[in-house]
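Dear colleague,

Please find the structure below, followed by a short account of what was found in it.

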Amino acid sequence: MQTPFNFGRTVKSECFTNREQEIKKLSSNFQNRINTIIISPRRWGKSSLVEKVAAQVRAKSLKVITIDLFGTRTEEEFYNTLTNAVIKATSSKAEEWIELGKKFLKSITPKFTVELGDKHNVSMELDHETIKKYYKELLDLPEKVAKEKNIDIVICIDEFQNIGTFSDHLALQKRLRSAWQHHERVTYCLYGSKQHMMMELFNKQSNPFYKFGELLYLPKITEQKWISYISRQFQKTKKEISTLQAAKIAQTVKCHPYYAQQLSHLVWINTDKKVTEAILFQSTQELLDQNAILYFKEAEDLNNTELNLMRAIAKNEKQLSSRDTIQRYRLGTSANVIKAKNTLIDKEIIDIHNGVAVFIDPVFELWFTQHLGN
Ligand SMILES: Nc1ncnc2c1ncn2[C@@H]1O[C@H](COP(=O)(O)OP(=O)(O)O)[C@@H](O)[C@H]1O
Ligand SMILES: [Mg+2]
């Protein structure tokens with residue numbers, strides 16, 4: 001029998017749970033042409049949510065285009081990725097696209113090479129010079145196509161903060177913002193996992209993307225939701241798990257969506273008919289083992305003050321700069337504490353929630369406590 005749990009991919013309907021409110025909000029924004037920015041740590045479910053909503057609202061008159069900037073390193077690649085995605089999504093035949101291209105990219109047409117593959121495979125490769133000269137036409141292409149075809153387009157851009165790493169990115173941001181803010185038939189949904197970079201882009205008054213759209217901070221999924229989801233998935237596959245055991249899975253991973261699915265999967269695999277305490281324990285160890293290499297690597301790069309500070313955080317110390325904490329965890333001076341804290345925040349190992357430092361990755365925290373906690 002196949003596992004009823006899913007991790008490592010965006011989740012499709014049977015494995016998708018909760019998010020009713022966020023679905024409603026995002027879907028309404030898509031339909032009402034409101035730009036949305038979604039921020040959460042990685043693996044909390046941004047891509048899954050966007051895909052889910054995209055599938056729901058996709059209709060003849062509303063096209064959703066998704067691109068991922070994860071591996072995009074330059075402005076040139078960005079324009080190419082965006083333009084090609086727009087082409088692919090808005091024309092069903094190569095001929096149709098060539099027509100649109102001729103009409104809306106007049107000045108560029110002689111310069112681009114269109115590669116005709118099978119019917120969906122039209123792509124073009126624009127060089128640096130062309131992009132520099134005609135970026136505005138490229139950015140306005142979706143708007144023009146949308147108007148021409150009398151449709152609405154939603155462009156979803158994953159790992160959007162990556163544009164902040166391109167050279168001369170401020171100029172790019174300005175160009176994007178000034179083109180996009182005039183688009184009437186194209187709505188943007190921009191999301192990313194590097195929270196600090198995302199906040200920098202969208203929350204800082206001096207930046208071009210300030211107040212570009214509605215900010216949505218995606219929360220984790222609640223313990224209650226996990227309990228019913230996990231119980232349901234076990235039941236469906238004729239295996240037994242108690243409410244308390246399902247709760248324990250959620251608690252072990254602090255309701256982290258990816259890990260909740262991964263640990264549930266391990267428990268499910270290890271269970272013949274009925275979950276036991278021993279199975280829960282063993283599965284948690286397997287979860288730690290599977291991720292250990294990554295965690296070792298992460299810890300290897302840290303200095304002693306940083307490690308000591310993580311020990312304090314793992315022990316739930318709240319006053320990290322207090323004399324008592326500094327002494328107990330050998331943190332040196334309060335200046336050392338601030339420096340170490342900032343490094344850990346930059347490396348996205350910890351985050352500050354309501355003024356308290358916490359680990360971002362709950363399984364890393366568990367591993368850290370077991371291996372380096374003392
Ligand atoms: N709504 C959800 N219901 C159940 N599991 C989810 C949900 N959203 C995310 N997950 C779990 O988290 C994993 C990571 O989700 P993903 O959408 O890729 O996160 P992100 O884009 O924020 O990095 C998924 O593979 C799945 O295991
Ligand atoms: Mg994602």
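Domain 1 (19-217) and domain 2 (223-298) each give at least three residues to the shell around ligand 1; the domain bounds come from an automatic or database domain assignment. This is a predicted model, in which local features need pLDDT of at least 70, side-chain atom pairs count only at pLDDT 80 or more, and totals for chains, interfaces and linings use all residues. Residues are numbered from 1 along each chain as its sequence is written, chains are lettered from A and ligands numbered from 1 in the order in which they are written, and side-chain values use heavy atoms, leaving out hydrogens and water.

There are 22 residues around ligand 1, and Asn6, Arg9, Arg43, Lys46 and Ser48 come nearest (near: a heavy atom within 4 Å).

Ser47 places a polar side-chain atom 2.8 Å from an oxygen atom of ligand 1. A polar backbone atom of Thr17 is 2.9 Å from a nitrogen atom of the ligand, and a backbone N or O atom of Gly8 lies 3.2 Å from an oxygen atom of ligand 1.

Yours sincerely

Terms used:
A polar contact is a pair of N or O atoms within 3.5 Å; within protein, one must be able to donate a hydrogen and the other to accept it, and residues adjacent in sequence count only if both atoms are side-chain atoms.
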